[in-house]
Protein chains: 2
Amino acid sequence: MHGHGNVPGMDAASEVGVDVRWSETLRTYHAVSNELEHELQAGHGLGLSDFELLKALCRCCAPDKGTVLMKDLEAEMYLSQSAFSRTVTRLEKAGFVERAACGFDRRSNFLAITDAGSERYLSAAETHRAVLDKHFG
Amino acid sequence: MHGHGNVPGMDAASEVGVDVRWSETLRTYHAVSNELEHELQAGHGLGLSDFELLKALCRCCAPDKGTVLMKDLEAEMYLSQSAFSRTVTRLEKAGFVERAACGFDRRSNFLAITDAGSERYLSAAETHRAVLDKHFG
DNA sequence: GCAACATAAATGCGCGCGCATGAGATGTCA
DNA sequence: TGACATCTCATGCGCGCGCATTTATGTTGC
């Protein structure tokens, strides 16, 4: 049953190790992301992708201007282009983010975080850190 | 900005460490699960949850009988009860799994893997291992 | 200048997920 | 026994996701 391969000895052991690493990743991911999702939603009205986008926006934008090109921000995230676009729409409707036209390329948009977005992110980040500390600390 | 807490010194460093562990989990999870999803779907017509259910079914059932109570199998998986139920329905329609009534509690169902399910799982497991080896090996 | 191709973002679509609820079977207790 | 809680599983519903396509621009080669 076990061992489809041709190299005997520590082959099976290393394969088991790979399995263990993956199943621990799965376990950790589901436990933490489920709790993050619930806590962020209940406490701050944010989904995990919403939070991650705000986090990346705070991290990537110039400290003075607070603005990034959407495509650059998208590259920082684990989301498809369409999911990213809709997350931006969601956050814009909530007033946490603003699209701004780019002067030299009218296909592109800048993205800026609003004051409300900044405040919401900062309070959500405390919840976020608390959950992470609980699981990893 | 950093450090909302009360213990100075290595506080900030440990918090960063927690962040890094979580973001690495996120990165690994997305990279591996996306590739697993694509490879399993393209090569064997199975989603990741389908595969994980077959895997748990092979692992949990008695070696001779090949059958488990649905609720027991559900407890082994990172799926809600409804998602689990629908995954079973999907796999049953595909002919990889069979529901069987439980004699002494008519609420319950046994779940059994079929020969076709076993074959499909075994070939998919090779793809699965290859992807895992590529990322972790 | 213009046709062909490339890029940024939005949108139509189907799918799998979780939550809430429903349907049916079983357990409990007066 | 009858009323009611509990358990197992299925289903209605809305949501966020990725894929494919569309729309609007830019860019390149002739």
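Predicted model: local features only at pLDDT ≥ 70, side-chain atom pairs only at ≥ 80, totals over all residues.
Of the atoms of DNA strand D that come within 4 Å of the protein, 57% belong to sugar and phosphate.

For His38(B), the distance from a polar side-chain atom is 2.8 Å. Asn109(B) contributes through its backbone instead: an N or O atom lies 2.9 Å from a phosphate oxygen.

Helix 4 (81-93) of chain A, and helix 3 (70-75) and helix 4 (81-93) of chain B, each provide at least two residues near DNA strand D. Helix 4 of chain A gives the most, with five residues. By class, the surface near DNA strand D holds three nonpolar, ten polar and nine charged residues.

DNA strand C also has 22 residues around it. Ser85(A), Arg99(A), Arg107(A), Ser49(B) and Ser80(B) come nearest. Sugar and phosphate make up 55% of the atoms of DNA strand C that come within 4 Å of the protein.

A side-chain N or O atom of Arg86(A) is 3.0 Å from a base nitrogen of DNA strand C. The backbone of Asn109(A) places an N or O atom 2.8 Å from a phosphate oxygen of DNA strand C. Two or more residues of the surface near DNA strand C come from each of helix 3 (70-75) and helix 4 of chain A, and helix 4 of chain B. Helix 4 of chain B gives the most, with five residues. The class counts near DNA strand C are three nonpolar, ten polar and nine charged residues.

The relation between the protein chains was then examined. Chain A superposes on chain B by a rotation of 180° with 0.0 Å of shift along its axis, at an RMSD of 0.0 Å. The two copies are therefore related as by a two-fold rotation axis. Within chain A, the C-alpha of Thr25(A) is nearest the axis, 3.1 Å from it. Of the interface residues of chain A, 100% are also interface residues in chain B, so the copies meet through the same surface.

Methods
Residues numbered from 1 in each chain as written. Chains lettered and ligands numbered in written order. Heavy atoms only, no water. Least-squares fit on C-alpha atoms with pLDDT ≥ 70 in both. Contact = heavy atoms within 4.5 Å. Near = heavy atom within 4 Å. Polar contact = N/O pair within 3.5 Å; in protein donor to acceptor, adjacent residues only side chain to side chain. Helix = DSSP H or I, 4+ residues; strand = E, 2+ residues; numbered from the N terminus. Nonpolar A, V, L, I, M, F, W, Y, C, P; charged D, E, K, R; others polar.
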